[in-house]
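I opened this notebook to record what I looked up, entry by entry, with the criteria kept beside the values.

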Amino acid sequence: MSNLKFLIFALVLFFVHLLFYQYLSFGETYPDLFLILVVFAGLYKGPEAGSAAGFFCGLAQDSFSYAFFGLHALTKTIIGFLIGKIRHSFYSNNFLVQGVIIIAAKMLHDIIYYAVFFSQVPGSYLHQILLRTPLSAVYTAVLGLGILFLINFRIRISSR
Amino acid sequence: MSKFFSFIWDHRQNLLFLLLVLISLSALSLSSHRRFYLARRVNRAILAPFQLVVARVDYFLQLKSENVKLRKSNFLLNLELYRLQEAKRQNQRLEALLEFSRRYPVRFIACRIISGGLGEKAHVFIIDKGFEDGLSPNLPVLVPEGLVGKTVEVDPHRTVVQLYSHPEFRVSAKPRGKEDRAIVGSSQNNKMYMFNIPLRNQLEPGDLIVSSGMGGIFPKGIPVGRIVGLEEEEEMRIKMRARMEPAVDLDKVSEVFVLADTAFIGPGDNLLFEATDSLTQLWERP
């Protein structure tokens, strides 16, 4: 993925998140658009970009939640770094593989994030991880791949 | 020293990761007051530019949808305004008609125009009353401003009115207060003229021409029009004709009165008869 394409992708995700986040809910399931950005930063640009993207995206999310300021930054930095590290272990240009990576990243993200968030209420943690996180992970993957597909398609059309 | 930088460069991925993790953990361990302060600063620094753009886009979208709503509402209000204006005009017309019929104890039949003929310039009106309502042929048709025409064909519930603009329409008329009687009618070019005026006459532009009462159809005193100018008749040059501006603008007429009072109507179709009474007072009283 070229730098330009990645920049467009990042901006689109950022704006979609800020503009339409409340309209993207599917019941009580919300997608994590910033996580998609972090995953693709790690996949296409390596661990530095992955961890930096994770840190800044997490910080942006944290700026809305004062109670655990830094928690999103921490988890997303870890995810971005890990994906950057293991990106050569699989064929990451395949759409299906990318979808699986997003789902796994979301699961790992929520496992770390909610372990701190629900540290006082283990019941809620299990409910979140077993019921809500898988749905949110699938939804995030579908949405992320959809946006990536649209951007690829648009760039292919404009470069003809 | 170079070994130190070399080490940092070689391990930059891990070091950057560790640095960011450390910063995140430090942020997590801050006191709630500081966390709040930092969150606000971060929000302002990272998200403010995006939020500004988002707010602008949101504002634009809202403006657009508001514009659509306002256009729709404006259209509906215009329709309502038009309906109210039309009702007001109709009310004024009906008030004038009512006042006209109250002014003098004459039997008028109020009629609504249901068709204005098929020509470009209307020569006939069709009104919604017929002989079952008391109408018959050759009755004067009026509005408060003056003469409109006369009834010609009468059906049970419909009547054809021959208008003053019809090429065959003629009415004996004279200036109010003077005795220069002549015939008023419309030429082929739809202009109203007073024909057969003697060369020596007392007519002047601006004179109000009213029906003279001759002919047995139109009583005396119904306004027909005003003289605009005098000119010689082209054919013989021993008579004059006067160009006239009609008293009634037919385009603005939607209700009329038919004078069905036998006290004013001459006996039979004999056109030499004079109408038996005068309506002059109807237009002279305030």
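Entry one, a serine in chain B. I located S172(B) in strand β6 of chain B, residues 170-175, where helices (H or I, at least four residues) and strands (E, at least two) are DSSP runs numbered from the N terminus. I noted that S172(B) is buried, its relative accessible area being 13%; buried means under 20% relative accessible area, exposed over 50% and partly exposed in between, with a 1.4 Å probe and protein chains only. Its side chain makes a polar contact with the side chain of S212(B) at 2.5 Å, a polar contact being a pair of N or O atoms within 3.5 Å, of which, within protein, one must be able to donate a hydrogen and the other to accept it, while residues adjacent in sequence count only if both atoms are side-chain atoms. Setting aside neighbours within four places in sequence, I listed the residues in contact (heavy atoms within 4.5 Å) with S172(B), among them R181(B), I183(B), V210(B) and M214(B).

A note on provenance. The model is predicted, so I kept in mind that local features need pLDDT of at least 70 and side-chain atom pairs pLDDT 80 or more, whereas totals for chains, interfaces and linings use all residues. Residues are numbered from 1 along each chain as its sequence is written, chains are lettered from A and ligands numbered from 1 in the order written, and side-chain values use heavy atoms, without hydrogens or water.

Entry two, an aspartate in chain B. I found D128(B) in the loop between β2 (124-127) and β3 (140-143) of chain B, and at 25% relative accessibility D128(B) counts as partly exposed. Its side chain reaches the backbone nitrogen of R112(B) at 2.9 Å, and beyond neighbours within four places in sequence its contacts include C111(B), D133(B) and H157(B).

Among the residues making the contact I noted F81(A) of α4(A) and F17(B) of α2(B).

I counted six helices and zero strands in chain A, and buried residues make up 52% of its 160 residues.
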